[in-house]
Amino acid sequence: MLESKIPEGPLEEKWNYYKSHTKLVNPANRKKIDIIVVGTGLAGSAIAASLGEMGYRVKSFCFQDTARRAHSVAAQGGVNACKNYKNDGDSVFRMFYDTLKGGDFRSREANVYRLAECSANLIDRAVAQGVPFGREYGGYLNNRSFGGVQVSRTFYARGQTGQQLLLGAYQALMRQVHAGHVQLSTRHEMLELVVIDGKARGVIVRNMETGAIERHGAHAVVLATGGFGKIYFLSTLAMGCNGSAIWRAHKKGALIANPSWTQIHPTSLPQSGEYQSKLTLMSESLRNDGRIWVPKKQDDQRPPNQIPEEERDYYLERRYPAFGNLTPRDIASRAAKERIDAGYGIGPLKNAVYLDFSKAISEQGEEKIREKYGNLFRMYQKITNVNAYTEPMRISPAAHFSMGGLWVDYELMTSIPGLYALGEANFADHGANRLGANSLLQACVDGYFIAPYTMANFLADEIRTGPIDTRHPAFEAAEEQVRDQLRMLETIQGKHPADYFHRQLGRILYDRCGLSRSAPGLESAITDIQQLRKEFYKQLYVPRGFAINAELEKAGRVADYLELGELMCHDALNRNESCGAHFREEYQTPDGEALRNDADFSFIAAWEWQGANNPPLLHKEPLHFEFVTPSVRSYK
Amino acid sequence: MRLRLKIWRQESNEITGRMESYELKEVNEEMSFLEMLDVLNEQLMQQGIRPVEFDHDCREGICGQCGVMINGEPHGPLQNTTTCQLHMRTFRDGEEIYIEPFRALAFPVKCDLKIDRSAFDRIIQSGGFISVDTGQAPEANSTRIPVPVAESAFDSAACIGCGACVAACKNTSAALFTSAKITHLAKLPQGKTEAQERVLHMVAQMDAEGFGHCTNTEACEAACPQEISVLNIARMNWEFNKAHIMRK
Ligand SMILES: Cc1cc2nc3c(=O)[nH]c(=O)nc-3n(C[C@H](O)[C@H](O)[C@H](O)COP(=O)(O)OP(=O)(O)OC[C@H]3O[C@@H](n4cnc5c(N)ncnc54)[C@H](O)[C@@H]3O)c2cc1C
Ligand code: SF4
Ligand code: FES
C-alpha cells in the first residue's frame, strides 16, 4: 500500500530525472485550478507564494492575526545550505550523509539527498528577497558551524534567522495577495478535511472572529501546519501550535508516520511553577562555550559559585570525552534527564542543570563572551532576573520538534490523493533525530522548490474537473461533524478548563513517552491517556456561546491531542529498539548508549486510524540503503 | 503578591466596552504578565465569568502578536520588552494595574484586549516586498553587501509588527512601522530598483488606513520592543520626497 514513488537511477540524478519527466500544467490552465494551503509558516507561505506566482488560484489560511506570526518566526540559530563558501570540503553528498547519519539512518536516502541538493538555491532565493544574512567584512555571506558537523554550512541572521526568512516568505505571499492570486484568511482554523471520491477536495474552517463555520473547496489541499510538540504542554512551541489539522486529516485516512519521534532540546529554561505556559529556548550555540554540570552531591543546597570545582560533575565531559558539551541534542538531553531523575537536579524544583560560562569568561574575557552571546544573556536576565556573567545559567530539556508527522511519498503527497503535507507537518527528512538548522531549510525547500513541481504532476489531471462544488454531501457531512463537535465541547459544562487536561497529558507524555521510554511505562501511559480522555469529555468546561472564544479553540486542540498522544505511545511501544530521539530503556548497551536494531526496525512506521476505541493499524515502509551503509553513531 | 486589576471588557466590536475590576490574591513574581492573565482567567471561569480575551502566541517576544496598554504604556513599563516578556517582579505587591487594548482608529477592538491590526498587512501588501519570483534569484554571493549596510538594514528589518508604536503615538501614526520596512528594503541593493514605487504606495496605503500623521514626538521609538529608531522615519520622508520629485 505504501508506495514511496522514489524515481529510479543514481542518487544524484533522481530529482533531475523526476523534474524532467513530471507532468506540467499549461499556464493558461493554471487559473482553472484552486489550491488550499493551510499554514503560513515558511512551508505554507513559500508554497502559496510560489503557486500564486505561477498563476494558480490559491486560498491560504492561518490561525494567527497575520501570516507573519507563524512559529517559524521563533527560530534563532540558522539555516543550513551546502554552498561550500568556506572551502572546507562541503558538498551535497556530505550534507546528505550528515543529515542521514544525524537521523540515525531512519529516513529515505532519496528525500534527504534532494534536501541537500536544493539547499543552495534557498540561500539565493532568500537573499534576493532581502533577507539580511550575516556577512563577512568583504561583503560576502558568512557561515558558522552548528550542531556538531565538521563544516561551516549554517547561514544566520543574528539570532533571528527564522524571523527574517519568514518575513521574506511573508512578503512574497503578500505580493501575491496584492496581485489577486492568493486569497488570505487569517484567524481561521482548519477543523476538517473534505474528501470526495478518495481525493482531498476542501476544508472546513472556523472563523475565529465571528465563529462562522465556512466551507472551502479546491482541487488539492496542502497542510503546512507545523509541529505538534505543544502536545507536551510545556514546550518551545507557540501557544497556538497544534496537531489538529494533521489529526483531522488522519481520521479521514491520511497515515501518520513515526509520531513518537520528538526532539527534546537540551538548552531551554526550566519550568519555574505550575502556572507556566511555555518554555523558552536558549540557543544551542551557548554550548560552544558553556560547560554543563550538576553537583556531585545529591540535593546540594549551596549556591553554584560556592560549590568547589572538585565537587562538580561535568557529566557530558565525563561520559563523552570526544564531544563533551557539544554532543548531539538527543544525547545531551537524555544525560541531563538521567542526572535530574537520579536526584542531582538543581534549582527550586530540582529540574535543571547548570550551564556555566566562568571558564570561558576567564579564558576569553567577558567582552568576548558578551560579543558572542550578549543578546542571549540579556534575554536570560529578562526572564530569570539572573546575571549569567556572574552565575551559571539554569537549563533543562524541553519538547521542541516533531520528526514525525503525516506520511508523505517522494512527491510530498500523503496517502490521500491530492492532500500534501509540507514542512514540520510531514515526517520526511529528519529520520529519528533532526540536525540543528535543517528544519528551516526543509520547510523552505518543500515550499519553494519541491511541491510546485510535484503538485503539477497531480494537478495536470484536474484541468477538466471544473470548480469544486461545496454543496456536495461530503461538505455537508464534514460541516455537520464540526458543528456537532463544537456544540458538544460547549455543552459538557464540567469543572475544568482545557489546560487542566492538557497539563496532565503533557506530564504523562514527558515522563513516559519523552526522553526515555519503556514498555511498561508506555502501556500504563496508554491506559492513563484513555482515562484522561474519558474525564475530559465529562469534566471539560468551555464558556458557552461566544464568537471569540479562546477556551473553545484550546478545547478542540486538546481533544485531538488526547488521541494523538495515545498514538505516539503505540508508536513508541511498537519500536523495540533505540534510535535517535527514541530511547527505549530495554535497548541500550551496558554503558547506557542507544542500541539500534537495523535487522528488525529499519522501516518507517505509518499508522492508520481505526476509530477511537480500536488500536491503530501499522503499515511498514521498509528503508533501503543503496548508496550508504548505516553505521553506528558514536560520540564517545 | 496581591494585585488589583482594572481590565477593559468588550464582548464584541458592536458593543461598547467598560473597565472591570478584579483581584488576584496569589501572584508569583516569576510569572510572566500573560501567565498572570492565564491565572486570572482560570479564576474567572471558576466564578462563571467570561475569561478575558487577549492576543499572544510565541510568548517569547518575537511573533508580535501580544501587546496591551499597561498603566497607559504599550507593553508596560520596561523598555524594549514585549508584554509576553514582562514579568510580575516589575510590579509591587498590592499594586493596581490598568490593562487596556492598543487604541487607534485603524486598530478596531475585536473583543476585550484583542484588536484588528490587519491594516499593517495591507501596508506591506501595497509594496513592502522585493518583486522576485521563485526561480529568478541569481547566485547569492554575486552581490557584495558591506557589513554596515547589511547590519543597518537588519536593524530596520527586526520590526515584529506589534503596533506598539501606533498605540504610543498621540496621533496614532504608523510611521515607525511603515518606515522600518521601507528602510530595510531601500538600503539593500536588491531593493533599490523598486524603492520609488514602494515608498509612494506604502505611504498612500498608510494614509488610507486612517493612521494619523507623524509630528516627530518620538514616543514610538521609546515604546518599540525592537528598538526601531525614528531615523527610519527620516529615511522614509527622504525616500518619499525623492520619489515624489522624480515622478514629476
Ligand atoms: C524556538 C524554536 C527555535 C527553532 N530554531 C530553529 C533553527 O535555528 N533552525 C532550524 O532549522 N529550525 C529551527 N526550529 C524549527 C523550525 O523553526 C520549524 O520546524 C519550522 O519553522 C516549521 O515551519 P512550518 O512552516 O512547517 O510551520 P510553522 O512555521 O509552525 O507554521 C505553521 C502554520 O500553520 C498554521 N496552522 C497550524 N494549525 C492550523 C490550523 N488547524 N488551521 C489553520 N492554520 C493552522 C499556523 O497558523 C502557521 O501559519 C526552531 C523551532 C522552535 C520552536
Ligand atoms: S516599529 Fe516597533 S513598535 Fe512598531 S510594530 Fe515594529 S516592532 Fe512594534
Ligand atoms: S506573544 Fe509573541 S511577541 Fe509576545
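In the predicted model, 71 residues of chain A touch 69 residues of chain B. About 6,300 Å² is buried between chain A and chain B, and 51% of that area lies on carbon and sulfur atoms. On the chain A side, the residues that lose the most area to chain B are Arg69(A), Arg158(A) and Tyr275(A), which together account for 12% of what that side buries.

Nine salt bridges are found between chain A and chain B. One pairing to look for on screen joins Lys278(A) to Glu60(B), in a salt bridge whose closest N and O atoms are 2.6 Å apart. Polar contacts link 46 residue pairs across the interface of chain A and chain B, counting pairs in which both residues have pLDDT 80 or more. Seen from chain A, the elements that give two or more residues to the side touching chain B are α3 (42–54), α5 (109–129), α6 (161–178), α11, α12 (439–459), α14 (498–512) and α16 (550–574). Of these, α6(A) provides the largest share, with nine residues. By class, this side of chain A is made up of 29 nonpolar, 24 polar and 18 charged residues.

Attention now turns to the open spaces. The largest pocket has a volume of about 1,600 Å³. Its lining numbers 49 residues, and those nearest the centre of the pocket are Arg158(A), Gly159(A), Gln160(A), Asn375(A) and Arg378(A). At least two lining residues each come from α11 (366–384) of chain A and α3 (147–157) of chain B. The largest share of the pocket lining, eleven residues, belongs to α11(A). Sorted by class, the pocket lining holds 17 nonpolar, 18 polar and 14 charged residues.

The structure contains twelve cavities of 30 Å³ or more, and the largest cavity has a volume of about 860 Å³. Around the largest cavity are 50 lining residues, with His71(A), Ser72(A), Gly226(A), Gly227(A) and Glu424(A) nearest its centre. In chain A, α3, β6 (188–196), α7 (244–251), β15 (393–402) and α12 each contribute at least two residues to this lining. The lining of the largest cavity comprises 21 nonpolar, 23 polar and six charged residues.

Key: Residues numbered from 1 in each chain as written. Chains lettered and ligands numbered in written order. Predicted model: local features only at pLDDT ≥ 70, side-chain atom pairs only at ≥ 80, totals over all residues. Heavy atoms only, no water. 1 Å grid on protein atoms, 1.4 Å probe; cavity = no way out; pocket = protein on both sides within 12 Å on 5 of 7 lines; lining within 4 Å. Points joined across faces, edges and corners; volume = space filled by probe spheres on them. Helix = DSSP H or I, 4+ residues; strand = E, 2+ residues; numbered from the N terminus. Nonpolar A, V, L, I, M, F, W, Y, C, P; charged D, E, K, R; others polar. Contact = heavy atoms within 4.5 Å. Buried area = accessible area lost by both parts, 1.4 Å probe. Salt bridge = Lys/Arg side-chain N within 4 Å of Asp/Glu carboxyl O. Polar contact = N/O pair within 3.5 Å; in protein donor to acceptor, adjacent residues only side chain to side chain.
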